Amino acid sequence: MRRHPELGKKLQLLYSLRLNPALKSHADLAEILGISRQAVGKWARGTETSQGDAIPLSQVENVATIFGISEHWLTLEFEDFEAKIYEKLEAESRLDIKKPEKISVSLLPNTPAKIFGRKNDLRRLDSEWNERQTNILQLVGFGGMGKSSLLNAWLSRLDQKGYCGARRVYAWSFYWQAAKSEVRSSGDYFIEHALDWFGDETPADGTPWEKATRLANLIRSRRTLLLLDGMEAMQYPPGSRHGLVENPAVALLLKELASDNSGMCVVTSRLPVADLTAYEGTRVRTVELEPLSDKSSIKMLKSIGLQGSYHEYVQAVKEYTGHPLSLSLLGGYLNVVHKGRMGDFRKIRSLLDEQEMGIAAKNLMHNYLNWFQGTPERALLFAVGLFDREVSVQNIRKIAEEDTEISGLTEELSRLSNLQMSYAVDRLKQANLITVRENGTASLLDCHPLVRDFLSDFLNENHPSIWKQGHVLIFNFLKEQAIDNPNTIADIEPLFRAVIHGTQAELYEPAFELYFEKIKKRFIMLSKGSHHTDQICIHSFFDASTELPVSVLPENAKFYLISSAAANLMSLGDVDEAVEPSLRCINWFVKNSKWLEAANTAGPFLSMLIAVGKLNYALDLIEKLEDCVRNTKNSVIVANSYSFKAHALHLKGDDEDAGKLFQKSEEILTLENPGAPVSFPTISSYYCKYLLDTGRASEALERSLKTFSWRSKSSWQVAIDTTSLLASDMQILGLAYLALGDKANAKIYLNRQVELLKEADEWLYLPSGLNARASFYNATGDFESARGDLEKALEISRRTGARFGEWETLINLSHLYLQVKEPRKARNAIKELDLVGDMSIYAYRRREVEQLREDIHCAGNSNSVTPHRKALNRLKSPA
């Protein structure tokens, strides 16, 4: 008989239930016991000389103490052991009826209190939560299958049981609007709102990526039930990225929680989240909602109050294929229009030839609109559908009372008394067309996304004047609601919504003016915004059929939007997608003799080309734009052109020509007055890096400090400044201090530049900052922190396609592994370096790489590291 039967299974249960929160695996237990991880594994599986399922007698007491359990429990059969563990948890009030510390579920859609045919799904949800084996559970089903209703029903069930051990319950719906709407749910706003709710002191600080990491840590710090409804609003449609989450912060949060979560996250979507595929079957599980059975469908129709024969019920249910939303709309329609007569369903347009889920709902909507023709109910339903999310009756009244009288919308609504408005709301609610949620004194109206989709299509195609004029009213309403000086995503969100409603009203020029003046100038340019949210807003100006800005915009505005979209793509790491629009803008500006615009667009594009490993392409483009630069007749642009070319030549290994061009640039940059308007940021960091890489650290420090002196005096050289440029200058300043042995100042500036790059949402250039800081950690002997930064830089470089960053990081990792006497890892890093592609044009580190290969070879032969030359004892500064 085994001393501790099924020991491996028992240990896994202890880890998963977090009896000791510090222990998640055999490795953690082994570390506390001071033994090897393999030794713990052998306790369970045995060896050639032991049968397994036995903890050594000398360790039994230690193991029991670590988990806070009785030694005797380890000798029980697994079922009895499991029962003891759950009894212990109950005694500690972790699975009792005690209410959570904090609950927020009001942001879920309002759905009927009673659901049908979902008992097995409810049991599955209970099981997944109570067994604590699943980090994320996906509920997947077609639109209208009742995913949100199932969530709400389960929450009500949990509420009766005190939420079964959840210490916090937080719910969010991304479906404030329909799938076809240009208004896409803001993942950044969700992250910021959740951070605030979970107690983060500065929810607006940091990039979406950094915020998501903080949020994940807050969520898993206590056992949390997180409910994310309508994730499809955040996912890519069919194509190469089908099912992936568009917003990088939300995608990162999901992956973080999939890998480690003390509670459970429930996601509802029309399609599985592709980002979670790697975790499926282990810590992520998927439940696909099936159509309702005939029995459940009949029960649902009877609950609405319909009357008819069993045969009539069966016929209707067969025709509506168990689709809950369609059945709900059918029941509501028969109730309101046909006085509850089940048999009258035959008078509704036949659906027998329809196959796609949701078509039945749309056909029912046609019947409803015909029935409500000329009534306030129809006008109210249109108003709810025009808004992109839940809207209060009070705000609908405000819009209806505007001077613009719209037949079929405000004309009918403006005449309603409070009693008549209440009656119209009740009629639509009775028909199951809208939901009503009371929030204090406000009545909030909403409708199902499929209903909103239908209303959008119907109004756009059949009543374009209501569609356009209605969105004009909402555009003006949201503009008035927005604050003048937004500082957070929450502050700016009404402006983004206003712009998109403006484009839906075809007010493209006023919407562009609002976007440019209130968002781009005051918010995004200050690097407080999100490239992702900005991209969604820009997209609303584009014609879907041509993938170009709408033709009514002035040409300047069109190409401003294209260049802004391209810049966002660069920052978010979608470098391949950024190339074509960037070149299109540059070529158009050149063709139309808009020399300054061409030069200004080319600057970020050239930086991107260098970052993704296309140095030759960058040099070719610089030469092609030489006439353009001259034609600007702007000395500042000329100085930047010299600087870009010099930087590229330095990376190519041509330091002599690079030095000459840098001197020409410096002659202009150090003038008291450039004699030309400053329309583009000047770049000092390239020259300072060149000085540093060529062994002139003191000169690099002096020149870096001059840049900061310009900032303190608000000199013309920094008349246009960005967070990214400030980060680059701090990076070189920190590296210069490090090279001169001033580690205190190096630490300050190298830490700050990483924070700034994250703040600016600069994914493409963040690896450079992490490499720079790793050089500080390496120089101070903090090899673990250096490794952490370099591994993070490598991951980001590969995700964004920054081949130059990947190449530099692998070089620096190889150096690090040699220093910590891990030659095999150094050799593997060099092998990976060879797989990056042909980077031979980046010759400025060629000799260093050759020496590195030789050192690795020697280390492999002698099992010891050949001393590096002093110049290689530190990691080279990144570009």
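Reader: How many bridges pair strand S8 with S9?
Author: S8 spans residues 435–439 and S9 spans residues 442–446; helices (H or I, at least four residues) and strands (E, at least two) are DSSP runs, numbered from the N terminus. Two strands count as paired if DSSP finds at least two bridges between them. S8 and S9 pair in the antiparallel sense, and the bridge count is five.

Reader: Before we go on, what kind of model are we looking at?
Author: Residues are numbered from 1 along each chain as its sequence is written, and side-chain values use heavy atoms, with hydrogens and water left out. Local features need pLDDT of at least 70, side-chain atom pairs count only at pLDDT 80 or more, and totals for chains, interfaces and linings use all residues; the model is predicted.

Reader: Which residue in the S8 and S9 hairpin takes a positive phi?
Author: That hairpin has two residues between its strands. A phi near 70° turns up there, and the residue that takes it is Gly440.

Reader: Which residue in S9 stands opposite Ser392?
Author: Strand S7 (residues 391–392) also joins S9, running antiparallel to it with two bridges. Across from Ser392 you find Leu444.

Reader: On to the rings: what is the angle between the planes of Tyr170 and Phe198?
Author: The structure holds 30 aromatic pairs, where rings of Phe, Tyr and Trp (its six-membered ring) pair if their centres lie within 6.5 Å, with planes under 30 degrees apart called stacked, over 60 edge-to-face and the rest tilted. In this pair the centres are 5.4 Å apart. It counts as tilted because the planes sit at 55°.

Reader: How many residues apart are Tyr170 and Phe198, the two ends of that pair?
Author: Tyr170 is in strand S3 (residues 168–173), while Phe198 is in the loop between helix H8 (187–197) and helix H9 (208–221). Tyr170 is buried at 0% relative accessible area, and Phe198 is buried too at 8% (buried means under 20% relative accessible area, exposed over 50%, partly exposed in between, with a 1.4 Å probe and protein chains only).

Reader: What class of pair do Tyr333 and Tyr368 form?
Author: The two rings have centres 5.1 Å apart. Tyr333 is in helix H13 (residues 324–337) and Tyr368 in helix H14 (residues 359–371), so the pair ties together parts 35 residues apart in sequence. Both residues are buried. Their planes are at 90°, so the class is edge-to-face.

Reader: Which residue lies over the face of Trp129?
Author: A charge sits over a ring if NZ of Lys or CZ of Arg is within 6 Å of the ring centre and within 35 degrees of the ring normal. Lys302 does this over Tyr313, 5.4 Å from the centre. Over Trp129, at 3.7 Å from the ring centre, it's Arg223.

Reader: Which residue does the side chain of Glu128 meet in a salt bridge?
Author: Glu128 is in helix H6 (residues 119–131), and at 7% relative accessibility it counts as buried. Its side chain makes a 2.5 Å polar contact with the side chain of Thr134 (a pair of N or O atoms within 3.5 Å; within protein, one must be able to donate a hydrogen and the other to accept it, and residues adjacent in sequence count only if both atoms are side-chain atoms). The structure holds 38 salt bridges, each a side-chain nitrogen of Lys or Arg within 4 Å of a carboxyl oxygen of Asp or Glu. At 3.9 Å, N to O, the partner of Glu128 is Arg285.

Reader: How many residues separate Arg285 and Glu128?
Author: Arg285 belongs to strand S6 (residues 284–288), whereas Glu128 is in helix H6. Arg285 is partly exposed, at 26% relative accessibility. The separation in residues is 157.

Reader: Is Glu784 buried or exposed?
Author: Glu784 forms a salt bridge with Arg787 at 3.7 Å, N to O, and they are separated by about one helical turn because they lie three residues apart in helix H36. Arg787 is buried at 13% relative accessibility. Glu784, at 57%, counts as exposed.
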